[in-house]
Every structure is written in C-alpha cells, then in structure tokens.
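Please open the structure in your viewer and keep the selection panel at hand. The stops below go from one part to the next, each with something to select.

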Amino acid sequence: MIAGARLATLSGLRRLVALSMAQDLGVYLIPGPEIAGVYGLDIEATGMHIVASPRHASVLLVVGKISPALCEAAAVVYAQMMRPRVLFGIGTTELSPLPEADILADVSQQGLMEGVRRLRIALAEGAFNPAVSDFDAPMLQTRIEYTCSMHPEIIQDEPGSCPKCGMNLIPRDAQARMMHAHTEHPKMEGVDYSGMDREATVEYTCPMHPEVIQNEPGSCPKCGMTLEPRETQNTHHDHAGMSHGDMGHNDMAFMSMIDVTMDLPRSSDGLPMDWIDVPFGPFFPGLPGGLLLTLTLDGDTVAGSRAGTMTGNEPLLLQSAMDINKFTERLAKLEPLAPVCYQVLACLAIENAGGLDIDTEIARARAIAVERERIVSHLGWLALFGRQTGFDWLLRRATSLQQDFLHADIKQIVALKAAILDLSGRLQHTPLLKSRTTGIGRLGADTDKILFGPVARASGINNDVRNNDKIYGDLGFTPAGGKDGDVRARLQLRVDEIGHSLALIEKAGITIDSAMSACHVFATNNIDEASGDGEAVIETPRGLARLQLGLENGRVKTVQLATPSTFHLGLIEKLTAQQELGDALVTVGSLDLSPWEIRL
Amino acid sequence: MTTLLVLLLLIAGAYFVAVLEAWISNGRFRLAAPLYATIALLGRESIVPRKPDRIFFEVGPVLLLLSALLAATVIPLTPDLIITELATGALFINAALVYVLVALLMAGWGPDGAYAMIGGWRFLGQLIAYAMLIVMPITAVAMRAESLLSTQIVVSQLGLWNIIYQPLGFVLFFVASMALAFLPPFDMMIAKGELAGGVEAEYTGARLAVFRLGRLVLIITLASATAIFYLGGWQGPWLPPWAWSAIKILVVTATMLLAGRYMPRIREAHLLSWCWMLGIPLALINILIVGILVLEFP
C-alpha cells in the first residue's frame, strides 16, 4: 500500500484509472537528474518520464543520501504533488520529515528497474485507499509572523509593537517568503524589498539631462542649467504594510500609471514594475539540485540575487582524528559529482603530509582516472545545459554519452572518440546556439581574479595546475583555452576539454581498473606512523581544489578545503544583475557550480 | 454532422500529435501512452492554488481549447468537409487565434504563482513578435486567391502550390505558427528548464488535461492552416482528397515538432528584433512580389 494514495475505495472504474496511473509515471527527481546521472541511473529507460513541476509528478524519487535541509525541502515538494503519489527512495532511508518511502531500492540500474516494477504494482493496487492518512509536517503549516513595515528586520511570532519605532506590527505569512510555488503576486502581498531599501535623501538633477545626478546643488555639466532638487527612492517599499505613501490603493477613483509606479525602484530597462522574489531551487529543473538561487525579478529582469547551497556543509572531520582511509572515502562522498578527484586529492595531501614520494606509475594512473571523471562531469554539464535551454537533442545525447563513459574501459573510451567529435561538430552548427550564448555572462580576465577551472580558461586565464605537472607534460597535455569569457566560450571550452581528456587517456594506455585502484592506495605502506602537515591541489572538472591537512600518527587531525564552486558562487550576483531571466539562468548554469562542494 | 465529424477528426489528430511528440522526445512509439496519461490525469487530484484569481484560473485552459477549435471551423479538409464557409475565412483563423494570448495570460495570472505569471507575460511579448508574421503572409495568399474564402484559397493553388509560388511567405508563416503554438524553440512560456513548466506549472488533473488538449488542437489547427494556405490543401493525384489533407497535415505537424529538438530555446529579445527587423520587411517584400506576379501573370 502506498502512503500517498487517494482517499477512496478501489472499485469499478477506479481500477481502470489505477492501472492507467501505473502506466503513466511522471517522476520528480531529488536532488536532481545530474546525481542520478553520476550514479549511473538511466531514469527514462524505466519508462518513467522526468517532469519539471511537482504538480505533474506521481513519483518522488530520492537518489542517495541528502541533508536534513534538503529532506525538508523535499517534504514541501511531496506535499505539492497530486495524490496518488509514490515516494521512491534509492540508496537512502533517512528521509524524515518525509513519510517512509513506499518503495526502496539499491543504487543500481537493476535496483531501479526492479523498484519501478514494484512501484507499478503498488500503484495499480493501492492508488485509491479508504484508510489513508494525510501527510503533515511542521514546515507545511502556515505560520503567521509579525513584522514592522518600517523595520523589516523585526520579525516575531506574536503581535505587538515595534521595539524601534513603536508602530503596530503587521502579520504576514512566514512560509510565503521561503517556499517555491507559494510565491505571491505583487498585487496581493508578501513582496519583500528588504534588500533594496535606501535612505530617503535629496539629490540634484538637471531637467534636461536626467542622467546627471549629484548629491549637491550646482549646475549641469552638460548645459549649465541649475540643477533641481528631488527626493530619491522612498525608504521602504513594503506593500505588505500598504505603506504606499499617501496613495491609498482603495480609495482612489483614478490612478495614473505614473503615480502608481513613481516610487518603485527601477531596473536598467527603465520600466518600473513591482519586484518579486522568486526562488529557483533547491530542486529547480534547470539548475543543479541542491543549489538555492533566489532572484529578485523586476518584470523578467533580474534586479538582485542571492545564492546558496542546501546540501548541508557537514564538517570534514567528525569529532576526533580520523583514519586516513576513512578520510579519503569521506571526502569522496562529500562531492558526488566528482568523487574520484576528491579521493585523489585526499591521497595526495596525506602523502604530502607524510613526506612520501609518489610513484610515477601511480600518479599516471590517477591522472587517467581524473581525466575520465572530467569527461563524465563535462558531459553531465552539457546535459544540464540542454535541459535548461530546451535543447532536447543535446540533453539526450550528452546523457547517453555520460552513461557510456561512466563505466567505460580504455578500449571503449577510445571507441567513443568519434561520437565526441560528432557532438563537437554538431554544436558548431546548431542554429540559435550561438545567439543564445554569445555575450552573456561575460567574465573578463582582468576584472575577476578569483576564477578557476573552465570558467577561468574560457576567460583566457591559464591557471590550470596540470600545466606544471610532469605527468601531464609527458602525455603531451595542452590546456584548452578561450578568450571571450562568455557562456559560449565556456560551452566551447568544456567540449574541447572532453576531447583533450580523451586524447590523454588514449596516450597513457593504462587500463581503467588499475587507474581506479590507484586512487585507493597510498604510495607506501608505512604511512601509518607518519605525522606532519601537508597540502595538495588538484584540477577538478570545476577548477582548482586545495586541501591542507595535518597528520598525527597516521590519523587526520586538522583539515581545510578550498573548492572552486565556493568562489564562483560569489560571482552570481554581479553576473546576473540586470539580465533577462533566461539569460541569468543560463549564466548561472554555465558556471557549473556543484552545490555539494560549496563550503561557506 | 459535418461539425461532429470535424471535431472527431481534430481529437484524433490531437491524439496522434501526442503520440508523435512523445515518440520524438523519448524515442518510444507507444500508441496507448496518451490514453493512459489522460485517464491518469482525470483520476488524479485537481487542486486550486491557495490564492487564485479563480475566474482566470478556470477559464484559461478552456479558452485555449475553444480558440483552437474556433479557428478550425473554417478549415476545409475536403471540398465539402468544412464546418462553416465564411467569406472572411482566412482572417477569421487569425482572429480566433488571438484568443490564445488571452488564454495564456489568464492561465498565467490565475494561479498566483511567479513561474506561471512570468510565462504568461512572456507570451504577450511573443505575440508582439509573431502576430504580424501571421497576418502578412495570409494577405499575400489571399491576394493570389483574390478571396478570403479558405476553399477558394485552396482552389487557387490548382496549378502551383503556394509553397513554390511564394516560398518566402511560407517560411515566415511556418515560423510564426510555431511561435503561436509555443512549440520549441519558442516555448519560453512553458519552459521546463527556465520556469519549471511556466503557465502549465500550477495546473493539475482535469484542468491540465484540458490545457494540454488545447495545445495539441492548436498545433493540429495551425498545421492544417499551413496545409491549406501553402500546400494546396486537399489537392493531389491518385489519392482521395481527405487522404491528401491528412498526409499534408501530418507532415507539417511532424516538421513543427521535430525542428525545435535540434536547437536551444530562442532568446525573447532576439525573437522580437528578428521578427520586426527581418521578418516584417521580408513579409512586405513577399506581398510586393506576389502583387507583381498576380498583376503580370494572372
């Protein structure tokens, strides 16, 4: 029986309906399709289809272990789904506050297939159930909170007066600020301008040249006219408090648009509109799962943005010092999108701390494992780009190629060379692709110093640590490069890098099995007694990651990790400002952020 | 009787489009899939969001379906199989399809969700781009037929189909039709990766079924319009007229569905500027060329 059944008896016509439901499975993925991809799960092969809105899904599929914060967000998604709904967990059982999973399976394609088979039976038999109870969780309750219209930072659970100005606090729906699909229209309530507040000041402007604005009286530098004073933006534009100055919305017979929009903050296109905060994430179909992006939209122009991660930044070390083998495993698990890189990084740092030389053969084997992961990761990014921009062919091609590479040995990888060339050639001649990506999200080499990986190389910054690596030098490594620094350049660069990595693997001629096992062994066995501080860097698919750690008698004592996504997250606000919504999302996507490696 | 038959054919066509669309997108040809999907949708809960604009929310999907059906009434599938033969037929198609905009705006505004609302407004922007490119090619088609009667337009292509007589007009009309039917790459209003479904995002159960049916009928209506305006409608050798209509409509539909798969979504600003700076001058040139042809080689 399934917990999310519809409240009714299964009889007559409903049997037929239940059978149809078992055939038509729309699935909403938690945390996202890219995680299913790196676990080697082909969702569509099971006959389910991935949907973009929880409203259209009948199956909620949770892949792998997720943080408590993500579980809470998933519970909201689950509550938004229409009954009958099925909760399907793969490789995880800790889902609270979600109800217990209706179907559980192992992380494998076989497990998935078997799970879907059981799911169909469960749905056909239990879509309607007279004895089902409602799903409820604390975060689904509508909570009213009280805030001051002049001091939005004052928020409390009970009515009262503002400690700052003594005004009566006004009620508002606390949940509306946080949850997807419950965002409100500006005409009604809940518009939060708190980020946009400015002090009321007087500024001086020229009646003939409105672009001339200064803080002091004087004459216009263009025409010499005396500048006229005017008041700048109102202090607070809080519609929730109806504090719209002297223009009450209700008692005015006639409102001119100019009056209505006069005080609103303006974006670059000059069209004054109500601003709304729209959450994209943590499970938005066009962004990596776990990434939380809140855009303040002025019409469809982005006026402001906040970005973060909900994957849960667990500390790298638990309470006490950690066994080195456990530590490498732990680091690998922290980043499901690039586990091999982080495993190798941990090995390198430990070996460095222990003062060990690394055998060339092992180093070479590790490089190959890292390069294969780079191919898989970049293909995953291409799939996400295809999903985001509605480029269906690319989505399917990249997804299937990713699956091919994921478990490919060296022969298969070399055999896939033609497919990669074909993909690259197709992307050169895809209509609309160039206009969709050129000039968007531009990052200059001179202005932004903290760029890493493909994002940096697409801007003409060559800080790839593989340049100085002798192993790579011997394999004839040439770094890919770009110069435009826009989404187009980043797309092209990742496609180029897939080809380069493939060439490296071909040249090294090491079997993948030995490459993978090289990531699990340490250079020598007597590392158990080693002590000291060590540091290592590695060029992950997203850029340079740096790990510093302290060893004590072969146990990891202290640790510090710097990841590229952490730095790139800070670019979002500047990059998306004043962009059209679609462009802004493509820009954020092009940074290839991994919410899992963001450590704030 | 004719009305009933045409309606049945439209529903059958919509069903076929659904099968075709799924086939194109996931590579699986399953004849029963839309049937299962429809029954499942009807059996699922259909909820109203928390603070809807109730009238808009309920009317939106129905209006979309009605608008597409209305446009289909003046489309002749064979010389006799037409619901109503209006003297202003060709313009009526355009007039009826304007309500697609109204429907999407209502459906976008109604549920009180940000994604849907942005989707609705995006379609308004799209209308400004494509609207002239629907009307102006139709003008050139009507010039050749010297009539707005849709049957007369088909008859006028007896010797030479309009796709060859005025290829420019065909291309413009075809692209504008795709934009009107919000098919990829013009699907900004129901974009999954940008708006999590946009206008569709908050609709569920039976209402979603109506919305999707409306979209499918809209596609088939526009494909039929393309067939009668440019591909000589029911005309063709050997086969009976209805068969030719069916073949042409299916080919146009398949082309429309396939095209968007191989490119990313267009940017709104580019669509607007290309339509106005390139499309409209081309449409004017098309009218000019057709005018000269009509006058010189009657």
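The domain bounds used on this tour come from an automatic or database domain assignment, and the model itself is a predicted one. With that in mind, colour chain A by its division into domain 1 (13-126), domain 2 (313-356 + 523-562) and domain 3 (361-521).

Select domain 2 of chain A together with domain 3 of chain A, whose C-alpha centres lie 25 Å apart. Where the two meet, 15 residues of domain 2 of chain A are in contact with 17 residues of domain 3 of chain A. On the domain 2 side of this boundary, show α7 (339-353), β16 (532-540) and β17 (543-552) of chain A, the elements that each give two or more residues to it. Among these, α7(A) gives the most, with 5 residues. If you then colour that side of domain 2 of chain A by residue class, you will find 10 nonpolar, 3 polar and 2 charged residues.

Next, bring chain B into the display and select the boundary between the chains, where 45 residues of chain A are in contact with 41 residues of chain B. On the chain A side, pick out α1 (13-23), β12 (275-280), α8 (360-389), α9 (392-406), α12 (433-437) and α19 (581-590), each of which supplies at least two residues. The largest share of this side of chain A, 5 residues, comes from α1(A). Colouring by class here divides the residues of chain A that touch chain B into 18 nonpolar, 15 polar and 12 charged.

How values were computed: Residues are numbered from 1 along each chain as its sequence is written. Chains are lettered from A and ligands numbered from 1 in the order in which they are written. This is a predicted model: local features need pLDDT of at least 70, side-chain atom pairs count only at pLDDT 80 or more; totals for chains, interfaces and linings use all residues. Two residues are in contact if their C-beta atoms, placed from the backbone, lie within 7 Å. Helices (H or I, at least four residues) and strands (E, at least two) are DSSP runs, numbered from the N terminus. Ala, Val, Leu, Ile, Met, Phe, Trp, Tyr, Cys and Pro count as nonpolar, Asp, Glu, Lys and Arg as charged, and the others, Gly among them, as polar.
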